[in-house]
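Open your viewer and get ready to click along. We will go from stop to stop, selecting a few things at a time.

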Amino acid sequence: MTAWRPGERRADSASMLRVNQAGEYGATRIYAGQLAVLRANCAEAKLISRMAAQEQRHLQRFDRMVAERGVRPTALQPLWNVAGFALGAATALMSPEAALACTDAVETEIDRHYSNQLEELGDDDAELASDIAEFRTEELEHRDTAREAGASRAFGYPLLTAAIRAGCKVAIELSKRV
Ligand SMILES: [Fe+2]
Ligand SMILES: [Fe+2]
């Protein structure tokens, strides 16, 4: 990392990496919970497996950057482990459409989050910014895939997605700090 000079605005890359690593980890746990419940050969499980593989790649990339830069990972990882899996399993138990609505909601918040980060980074930290931009494109694909596959047919879609989005916002704020 280049030296910080007084008066220079620098985005807080360490906090960004911490929350992004936590988020991608949470995403892998959500999809693991869904895949544990959904029938392996149903159409939704196939879509979700493909998205889960991409989340794994996002996570590995942030894991590596966290290690290379000596960033402190979130202390809340054990919580995201359980909460992510539970959210995935619970939505999949409701219905395959509810599982897709979960992806729809989560990826909507992740898109907002990554867009905010890109704006905050500006020309700072090109390495981190290029990964965020690449992953954001894939998160948007996940959201659109879920919508095209019928997320909005889930029972109670407006309430369900609003609740999940609110949960994501809390998780994001916590993981920036803790
Ligand atoms: Fe991701
Ligand atoms: Fe995603």
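Predicted model: local features only at pLDDT ≥ 70, side-chain atom pairs only at ≥ 80, totals over all residues.

Residues are numbered from 1 along each chain as its sequence is written, chains are lettered from A and ligands numbered from 1 in the order in which they are written, and side-chain values use heavy atoms, with hydrogens and water left out.

**Stop 1: the largest pocket**

A pocket is an open set of points on a 1 Å grid over the protein atoms alone, with protein on both sides within 12 Å along at least five of seven lines; a cavity is a set of points where a 1.4 Å probe fits but cannot get out, and lining residues have an atom within 4 Å of a point. Grid points are joined across faces, edges and corners, and a volume is the space filled by probe spheres set on the points.

The space here comes to about 410 Å³. By type, the lining has 15 nonpolar, seven polar and four charged residues.

Now colour the helices (DSSP runs of H or I, at least four residues, numbered from the N terminus). Helices α1, α3 (77–94), α4 and α6 (157–177) each give at least two residues to this lining, and α1 gives the most, with eight.

**Stop 2: the second largest pocket**

This pocket has a volume of about 210 Å³. Select H113, E120, I172, E173 and K176, which are the closest to its centre of the 13 lining residues. Two or more lining residues come from each of α1, α4 and α6, with the largest share, five residues, from α4. What kinds of residue line the second largest pocket? Three are nonpolar, four polar and six charged.

**Stop 3: the cavity**

The structure holds one cavity of 30 Å³ or more, and the largest cavity has a volume of about 40 Å³. Select its lining: A27, I30, Y31, C102, T103, V106 and E107. Helix α4 gives the most, with four residues. The lining divides into five nonpolar residues, one polar and one charged.

**Stop 4: the iron ion (ligand 1)**

Show the ligands and select the iron ion (ligand 1). Which residues coordinate it? The iron ion (ligand 1) is held by E24 (OE), E24 (OE), E55 (OE), H58 (ND1) and E139 (OE), at 1.9 to 2.7 Å. These atoms are donors: N, O and S atoms within 2.8 Å of the metal (3.2 Å for Na, K and Ca), and since water is not among the atoms, sites may look incomplete. Along the chain, the donors of the iron ion (ligand 1) follow the spacing E-x30-E-x2-H-x80-E.

E24 sits in helix α1 (residues 13–37) and E55 in helix α2 (residues 43–69), so the pair ties together parts that are 31 residues apart in sequence. Both E24 and E55 are buried, a word that means under 20% relative accessible area, with exposed over 50% and partly exposed in between (1.4 Å probe, protein chains only).

**Stop 5: the iron ion (ligand 2)**

Next, select the iron ion (ligand 2). Its donors are E55 (OE), E107 (OE), E139 (OE) and H142 (ND1), at 1.8 to 2.5 Å. E55 bridges the two iron ions, ligand 2 and ligand 1, which lie 3.6 Å apart.

E107 belongs to helix α4 (residues 96–121) and E139 to helix α5 (residues 126–148), so this pair ties together parts that are 32 residues apart in sequence. Both glutamates can be checked for burial: E107 counts as buried at 2% relative accessibility, and E139 is buried with a relative accessible area of 1%.

**Stop 6: helix α1**

Finally, select helix α1. Of its 25 residues, 18 are buried, so α1 is largely enclosed by the rest of the structure.

Methods:
Nonpolar A, V, L, I, M, F, W, Y, C, P; charged D, E, K, R; others polar.
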